[in-house]
Amino acid sequence: MSSSDSTPLSDRRFHEKVIVVTGAGGNFGRDGCLYFAQCGAKVVGMDLNPATLEETKALVQEKTKADIFVTTCNVTETASVQTAVDAAVQHFGRIDLLWNNAGYQGHITPTLDYDPNDFAMVMNINVTGMFIVLQTVAKQMVKQQQQTSSGGPYAIVNTSSVAGLRGTPAMVAYASSKAAVLAMTVSTSKDLAPHNIRVNAISPALIGPGYMWDRQNELHAQSGSPYFAKDPETVAQNKINGVPMKRLGSVEEVINSVAFLLSDDASYTTGTNLVVDGGMSSGLRC
């Protein structure tokens with residue numbers, strides 16, 4: 001989905017639900033905020049970058065009449081996340097859903113040359129940060145249950161990646177972090193099931209077109225890895241050739257999958273990783 005596309009306004013699955021979206025200043029997060037707002041949800045957008053966060057807020061307010069609340073948040077700092085969650089609850093009264101989407105790609109560099117400091121940063125944001133957000137929001141959900149006779153159901157979706165399944169060359173930090181997210185999803189889904197909280201993951205791959213798709217192909221071409229051509233356009237075509245459906249996925253298709261996992265349509269689904277990659281990694285999952 002692009003910000004100019006329409007969303008089915010008849011979708012009532014999220015009407016009056018309070019959803020937190022982290023990484024709300026990025027492409028996925030921004031379009032996700034718009035999607036859920038158009039579905040009647042009360043949206044809380046969180047991001048480290050206040051400028052892009054305000055852009056998301058302005059877009060949602062321009063396109064919808066929904067109430068969107070935004071707050072800056074450093075996912076790697078427990079106090080910052082707690083402050084953001086408290087502010088969201090003060091504004092809307094509760095939290096029903098979480099799209100745990102903030103992340104950092106890190107360098108695209110072969111293993112022998114990879115900077116350990118960047119590796120640590122990727123893991124801190126993508127793994128520790130994701131856990132801090134998940135834990136803080138889950139504690140709020142449990143608190144809500146304890147305060148009411150019938151709290152929930154609640155749902156969380158963590159953004160992982162096909163890189164965590166197949167180990168993309170020259171992206172050792174990112175791939176490692178997303179593999180950790182998958183393990184985190186399964187473990188926390190078991191711990192939180194008794195609290196009426198479902199936890200699932202989404203693993204996209206080859207989503208485009210757009211700046212991020214083009215930029216990643218440029219960086220892969222420049223990486224020096226023998227697995228990538230030196231021409232970005234050739235890199236892009238080779239990737240698409242490896243997809244059984246022979247095309248890129250769209251942001252809309254990713255958000256639709258996130259929406260399914262967050263909705264009551266997936267009420268008996270937890271601890272699952274939904275792969276959105278046109279069949280590219282299907283052989284790894286047989």
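This passage looks at the overall fold of the chain and then at how helices α1 and α9 pack.

The model is predicted, so local features need pLDDT of at least 70 and side-chain atom pairs count only at pLDDT 80 or more, while totals for chains, interfaces and linings use all residues. Numbering starts from 1 along each chain as its sequence is written, and side-chain values use heavy atoms, with hydrogens and water left out.

Nine helices and seven strands make up the secondary structure (DSSP runs numbered from the N terminus: helices are H or I with at least four residues, strands E with at least two). The C-alpha trace spans about 60 × 40 × 35 Å along its principal axes. Some 51% of the 286 residues count as buried, that is, under 20% relative accessible area with a 1.4 Å probe, protein chains only. Of the contacts (heavy atoms within 4.5 Å) with a separation of 6 or more, 72% come from residues 24 or more positions apart.

Now for the helix pair. The axes of α1 (residues 27–38) and α9 (residues 251–262) come within 10 Å and cross at roughly 60°, with axes being lines fitted to C-alpha atoms over the stretch in contact and angles running from 0 to 180 degrees between N-to-C directions. That makes α1 oblique to α9, as angles under 35 degrees count as roughly parallel, over 145 as roughly antiparallel, 65 to 115 as roughly perpendicular and the rest as oblique. On the α1 side, F28, D31, G32, Y35 and F36 meet V251, V254, I255, N256, V258, A259 and L262 of α9. By class, this contact has nine nonpolar, two polar and one charged residues (Ala, Val, Leu, Ile, Met, Phe, Trp, Tyr, Cys and Pro are nonpolar, Asp, Glu, Lys and Arg charged, and the others, Gly among them, polar).

Definitions and conventions:
Buried < 20%, exposed > 50% of the residue type's maximum accessible area, 1.4 Å probe, protein only.
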